[in-house]
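User: I have a model open and want to learn how to read it. Can you take me through it feature by feature?

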Amino acid sequence: IGNQDFESMRMADDFYIDKTSFIKEWWENRDSVTLITRPRRFGKTLMLSTVEKFFSIHYAGRAELFEGLSIWQQEEYRQLQGTYPVISVSFAQVKEICYEDAIWKIQEMISSLYEQNSFLLEEKHIDNQAKEILQKINYYRLSDFEQ
């Protein structure tokens with residue numbers, strides 16, 4: 001209870017119930033939108049962390065995180081691991097008590113995500129419209145969004 005990060009759980013050899021078959025099921029369904037509804041403290045953030053670590057190019061070559069888990073039993077999924085840019089947003093840490101502080105925290109998170117993923121502007125697989133949107137985000141800073 002309390003650890004919602006897949007990588008830290010696996011590296012610490014913490015107790016982990018393997019739910020990586022969800023990745024295969026989700027990938028093969030090819031849904032446009034996925035809504036994960038579960039009660040509070042039921043593993044939603046941990047599952048999203050698992051999906052992020054599986055697909056993210058920042059975790060390419062990190063087989064040790066998935067060895068021994070169900071997703072790693074199929075070669076096609078071993079080849080898929082670490083091959084996509086992933087932008088993951090969780091509001092689990094937004095616990096401010098007033099509206100203005102919560103908005104500031106969310107803006108701070110978005111700004112940080114932009115900085116972490118600004119390398120996408122150099123990607124040849126990203127279309128020009130998406131690059132223009134990213135450049136506009138770069139133009140504006142958090143202070144520009146303050147009310």
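**Reading the helices, core and rings**

Analyst: Start with one contact list. Phe55 touches Ile23, Trp26, Trp27, Leu80, Gly82, Thr83, Tyr84 and Val86, leaving out residues up to four places away in sequence. Contact means heavy atoms within 4.5 Å. This is a predicted model: local features need pLDDT of at least 70, side-chain atom pairs count only at pLDDT 80 or more, and totals for chains, interfaces and linings use all residues. Residues are numbered from 1 along each chain as its sequence is written, and side-chain values use heavy atoms, with hydrogens and water left out.

User: How many helices and strands does the protein chain have?

Analyst: Helices (H or I, at least four residues) and strands (E, at least two) are DSSP runs, numbered from the N terminus. Here there are 7 helices and 0 strands. From the N terminus on, the order is α-α-α-α-α-α-α. The C-alpha trace spans about 50 × 40 × 30 Å along its principal axes. Of the contacts with a separation of 6 or more, 64% are between residues 24 or more positions apart.

User: How do I read burial, and what share of the 147 residues counts as buried?

Analyst: Buried means under 20% relative accessible area, exposed over 50%, partly exposed in between (1.4 Å probe, protein chains only). In this chain, 25% of the 147 residues count as buried.

User: Which residues have the most contacts inside the largest nonpolar core?

Analyst: First the term. A nonpolar core is a set of buried Ala, Val, Leu, Ile, Met, Phe, Trp, Tyr and Cys residues joined through side-chain atoms within 4.5 Å. The largest one here has 18 residues, and Phe6, Phe54, Phe55 and Phe66 have the most contacts inside it. Helices α1 (6-11), α2 (21-29), α3 (44-55) and α4 (75-80) each supply at least two of its residues. The largest share, 5 residues, comes from α3.

User: How do I read aromatic pairs?

Analyst: A pair of aromatic rings is described by the distance of the centres and the angle of the planes. Rings of Phe, Tyr and Trp (its six-membered ring) pair if their centres lie within 6.5 Å; planes under 30 degrees apart count as stacked, over 60 as edge-to-face and the rest as tilted. A search of the whole structure finds 10 such pairs. Take Phe6 and Tyr16: their ring centres are 5.4 Å apart and their planes at 70°, so the pair is edge-to-face. Phe6 sits in helix α1 and Tyr16 in the loop between α1 and α2, so the pair ties together parts 10 residues apart in sequence. Phe6 and Tyr16 are buried. Now Phe54 and Phe55: with centres 5.0 Å apart and planes at 90°, the pair is edge-to-face. Both Phe54 and Phe55 are buried.

User: Which residues do ring pairs link into a cluster?

Analyst: Phe6, Tyr16, Trp26, Trp27, Phe54, Phe55, Phe66, Trp72 and Tyr84.

User: At what angle do α2 and α3 pack?

Analyst: Axes are lines fitted to C-alpha atoms, for helices over the stretch in contact, and angles run from 0 to 180 degrees between N-to-C directions. For α2 and α3 the angle is about 75°, with the axes 10 Å apart. That makes α2 roughly perpendicular to α3. Angles under 35 degrees count as roughly parallel, over 145 as roughly antiparallel, 65 to 115 as roughly perpendicular and the rest as oblique. From α2, Phe22, Ile23, Trp26 and Trp27 meet Met47, Thr50, Val51, Phe54 and Phe55 of α3. The residues of this contact divide into 8 nonpolar, 1 polar and no charged. Ala, Val, Leu, Ile, Met, Phe, Trp, Tyr, Cys and Pro count as nonpolar, Asp, Glu, Lys and Arg as charged, and the others, Gly among them, as polar.

User: Is Ser56 buried or exposed?

Analyst: Ser56 has 1% relative accessibility, so it counts as buried. Ser56 lies in the loop between α3 and α4. Beyond residues up to four places away in sequence, Ser56 touches Gly82, Tyr84 and Val86.

User: What about Met9: which residues is it in contact with?

Analyst: Met9 lies in helix α1 and is buried at 9% relative accessibility. Leaving aside neighbours within four places in sequence, Met9 contacts Asn3, Asp14, Phe15, Tyr16 and Leu46.

User: How do I read a positive phi?

Analyst: Most residues other than glycine have a negative phi. Asp13 has a phi near 55°, a positive value. Asp13 lies in the loop between α1 and α2 and is exposed, with a relative accessible area of 70%. Arg30 also has a positive phi, near 55°. Arg30 lies in the loop between α2 and α3 and is exposed at 61%.
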